Amino acid sequence: MKWDWNAVSDFMPDFWKGLLVTLQAVALGSLLSFSLGLVWTLLMRAPTRWVRWPVGVVTEFVRNTPLLVQLFFLFYVLPEWGLTFSALATGVFAIGLHYSTYTMQVYRAGIEAVPAGQWEAATALNLPRGRTWTAVILPQAIRRVVPALGNYVISMLKDTPMLMVITVLEMLGHARLFSQEHFQFTEPLTVIGVAFVLISYLASLLLRALERRLVR
Amino acid sequence: MSADTPLMKEPDASTGTALAGGELIRLEGVTKRFGTNTVLDDLNFSVEPGKHVTLIGPSGSGKTTILRLLMTLAKPDEGTITVDGQRLFPAPEKQVREVRKKIGMVFQQFNLFPNMSVLRNITEAPVRVLGLPKDEAEARARELLDLVGLADKCDAKPTRLSGGQQQRVAIARALAMRPQVLLLDEVTSALDPELVAGVLDLLRDIARSTDITMLCVTHEMGFARDISDQVLMFDAGRVIESGSPEKIFGDPEQERTREFISAVL
């Protein structure tokens, strides 16, 4: 096995395209999973079980089926029902939805960790329910869960190669295409492997800096 | 409302002056259970406006529960609670909010909002609940911080303050809502001994200089003697004796009260 630097430089233009798609998928997937997860958590606290029950069933279902299966389903079954989205949009939706069922549990733990005295003080001050959530409870809860949410971002990053199966050309997709065209596998796969390590590492550094700022 | 007779079911539980100024707070037949444990047992008493009433008694005798019921942090299993003529349980949410506006509470654990500055802890509710303009609320908050001796801590986060300072901010926060009634729930129990005096002095000042009605659960008997118009002695969910501080601390009728007082003094 020989290492060919020319193959590396030939692959780089494709690599940058793939990197962009990977980062897009992670960023948009994170945003979706953070917001959807919060929605699930709040719905699970609804006073009526007619809300809690369906939300519980759906999220439990999504959490306990593989992301890969969900990707196939969304990409190949939805169009049969007349719903067609781009491959990337479908991928972002699948990742965001899947991870929202994890982030909802993170939020729940964060909300439950806010001391009862905070609710009581808000009641004693007669703060409206919505204001209690947005000004008192959620700011404290979210601060607590930033590390856990950050770990899911890194986890999402490592799940993005799955998007390849629904034709999204992210890093692995481009590496695979390049390999098949040039019969050179080592270089492109090594490049994206190194890229995954670097991005994960940078993300964890960023996360630790953010944690330090929030804990203060 | 329910029964309109001013008579109390337990003659012990009210002072002889009950008819003079009307009642601000009234509890009738209030019972509260936690599981099989009855923490308040058919309780009846009333408080006149402007009076300072201290609740004493052993731990677990139900004193704090009364404050929590008044603040609507818990619900009684039986009985009625009336504040300023308005019933609290059961009552529509709107009425509960109206009643809550009249009541402020200071907690044992301060319960300041750690995500807000000291100033915003105090202005949040006046702005959001009373609809005060922000600058007016801030001006008032600064006055109150001045009153509690923390004028220089406006922008600090509560967690940067000592326990005594936090509790003084909590008092300012409660006062900012201009309550008619202030509920004080063992407000010095969580403080280092050296910080207790400062908080008690502040409360003495407030008791002297305002006409706020105070309901105070405390183990600080000296403080209770100083500020109280009436002292209620609790045991096992009942008021077993009530009267002026002179009487309760000097010459109580009940053996149980005598025992308790001599144990804590």
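A crossing of two helices is called right-handed if the near helix is turned clockwise from the far one by less than a right angle. Keep that in mind for the exercises below, which work through a predicted model.

**Exercise 1. Work out how α5(B) and α6(B) are arranged, and which residues join them.**

Solution. 
Step 1: Start with the two quantities that matter. Two packed helices are described by the angle between their axes and the distance between the axes. Helix α5 of chain B covers residues 163–175 and helix α6 of chain B covers residues 193–209; their axes lie 9 Å apart, at an angle of about 15°.
Step 2: Classify the angle. Angles under 35 degrees count as roughly parallel, and α5(B) and α6(B) are therefore roughly parallel to each other.
Step 3: Apply the opening definition. The crossing of α5(B) and α6(B) is right-handed.
Step 4: List the partners. From α5(B) come Gly163(B), Gly164(B), Gln167(B), Arg168(B) and Ile171(B), and they meet Leu195(B), Gly198(B), Val199(B) and Leu202(B) of α6(B). Sorted by class, this contact has 4 nonpolar, 4 polar and 1 charged residues.

**Exercise 2. Describe the surroundings of Val118(B): is this residue buried or exposed?**

Solution. 
Step 1: Val118(B) belongs to helix α3 of chain B.
Step 2: Count neighbours. A residue is buried if 20 or more other C-beta atoms lie within 10 Å of its own. Val118(B) has 27 C-beta neighbours inside 10 Å, so Val118(B) counts as buried.
Step 3: Name the contacts. Leaving out residues up to four places away in sequence, Val118(B) touches Lys153(B), Cys154(B), Ala156(B), Pro158(B) and Val169(B).
Step 4: Look at one partner. Ala156(B) is 38 residues from Val118(B) in sequence, yet their C-alpha atoms are 5.8 Å apart.

**Exercise 3. Characterise the fold of chain A and the packing of α1(A) on α4(A).**

Solution. 
Step 1: Count the elements. Chain A has 8 helices and 0 strands, and its order from the N terminus is α-α-α-α-α-α-α-α.
Step 2: Take the overall dimensions. The C-alpha trace of chain A spans about 70 × 45 × 20 Å along its principal axes, and 31% of its 216 residues are buried.
Step 3: Check the range of the contacts. Of the contacts in chain A between residues at least 6 apart in sequence, 79% join residues at least 24 apart.
Step 4: Turn to the helix pair. The axes of α1 (residues 5–43) and α4 (residues 87–112) of chain A come within 5 Å and cross at roughly 45°. That makes α1(A) oblique to α4(A), and the crossing is right-handed. The contact divides into 16 nonpolar, 9 polar and 1 charged residues.

**Exercise 4. Compare the UniProt annotation of chain A with the model.**

Solution. 
Step 1: An unreviewed UniProt entry lists "domain: ABC transmembrane type-1" at residues 19–207 of chain A. In the model this span is 80% helix and 0% strand, with its end C-alpha atoms 20 Å apart.
Step 2: The unreviewed UniProt entry places them at residues 20–43, 81–99 and 191–210 of chain A. Residues 81–99 of chain A are 68% helix and 0% strand, and their end C-alpha atoms are 24 Å apart. Residues 191–210 of chain A are 100% helix and 0% strand, with 28 Å between the end C-alpha atoms.

**Exercise 5. Which elements of chain B give two or more residues to the side that touches chain A?**

Solution. 
Step 1: Count the contact. It joins 19 residues of chain B to 15 residues of chain A.
Step 2: Assign elements. They are α2 (93–101), β6 (103–106) and α3 (118–128) of chain B.
Step 3: Sort by class. This side of chain B has 9 nonpolar, 5 polar and 5 charged residues.

How values were computed. Residues are numbered from 1 along each chain as its sequence is written. Chains are lettered from A and ligands numbered from 1 in the order in which they are written. This is a predicted model: local features need pLDDT of at least 70, side-chain atom pairs count only at pLDDT 80 or more; totals for chains, interfaces and linings use all residues. Axes are lines fitted to C-alpha atoms, for helices over the stretch in contact, and angles run from 0 to 180 degrees between N-to-C directions. Helices (H or I, at least four residues) and strands (E, at least two) are DSSP runs, numbered from the N terminus. Angles under 35 degrees count as roughly parallel, over 145 as roughly antiparallel, 65 to 115 as roughly perpendicular and the rest as oblique. Two residues are in contact if their C-beta atoms, placed from the backbone, lie within 7 Å. Ala, Val, Leu, Ile, Met, Phe, Trp, Tyr, Cys and Pro count as nonpolar, Asp, Glu, Lys and Arg as charged, and the others, Gly among them, as polar. UniProt positions are given in the numbering used here, feature names are shortened, and annotations may be inferred rather than shown by experiment. A residue is buried if 20 or more other C-beta atoms lie within 10 Å of its own, exposed if 12 or fewer, and partly exposed in between; C-beta atoms are placed from the backbone.
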